[in-house]
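Here is a short report on strand pairing and ring contacts. Please keep the sequence and model in view while reading.

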Amino acid sequence: MLRWLAACLLLMLAIPAAAHQQKAAITTVEHNPRTGQIEVVHTIPLHDAEHALRHQGMKAADLLGDLESRRAFARYAAERFAIASDGKPLELTLLGTEVKGASLLVFQEGASPGVGAKLTINAQVLTDIWLRQVNSVNVGGGTSPQTLVFRGGDSAKSAVLR
């Protein structure tokens, strides 16, 4: 009985540690028919983004209280995300950031190639820091976006803009 209780205790302690180790980011890519722009929103856990900044040498990374920390991470995220249409890179403008709950949102936009365009995307945000990092990119809005999943070292993947 004592062994069983000890095993249960160890398991309960391991579950939160495993949950903390899960490294995942979500990016949405959508065509805005009102503006003719392609809109990109990266959603990154705050803790992971701050860790990434410290990894890059920013000792006092504070995404909640320091605008320059948010700007630095936004530049990093923009450099690690690429999107192209018909073999030509799309120029994305970095619009800014927002803290929402326990996540940092990074906003980008650029001229949309239009609905039905074949996009080539590579999302490598945080994969240079964590081997287990998984980046999901949802292409298109509504209830049925196409999801691309990226891990460190993955090559670009394709989706049709809906």
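I26 stands opposite S136 in β8. That contact belongs to a parallel pairing of strand β1 (residues 24-32) with β8, made over 6 bridges. Strands here are DSSP E runs of at least two residues, and helices are H or I runs of at least four, numbered from the N terminus. Two strands pair if DSSP finds at least two bridges between them.

This is a predicted model; local features need pLDDT of at least 70, side-chain atom pairs count only at pLDDT 80 or more, and totals for chains, interfaces and linings use all residues. Residues are numbered from 1 along each chain as its sequence is written, and side-chain values use heavy atoms, with hydrogens and water left out.

β8 also pairs with strand β9 (residues 146-150), antiparallel, over 5 bridges. Here V137 stands opposite L148 in β9. The two strands form a hairpin with 6 residues between them. G140, in the turn, has a positive phi of about 100°. Strand β8 (residues 134-139) is mostly covered, with 5 of its 6 residues buried (under 20% relative accessible area; exposed is over 50%, partly exposed in between; 1.4 Å probe, protein chains only).

The rule wants NZ of Lys or CZ of Arg within 6 Å of the ring centre and within 35 degrees of the ring normal.

| Lysine | Ring | Distance from ring centre |
|---|---|---|
| K23 | W130 | 4.4 Å |
| K157 | F150 | 5.1 Å |

In helix α3 (residues 67-79), F73 and Y76 are 3 residues apart, so about one helical turn separates them. Both F73 and Y76 are buried.
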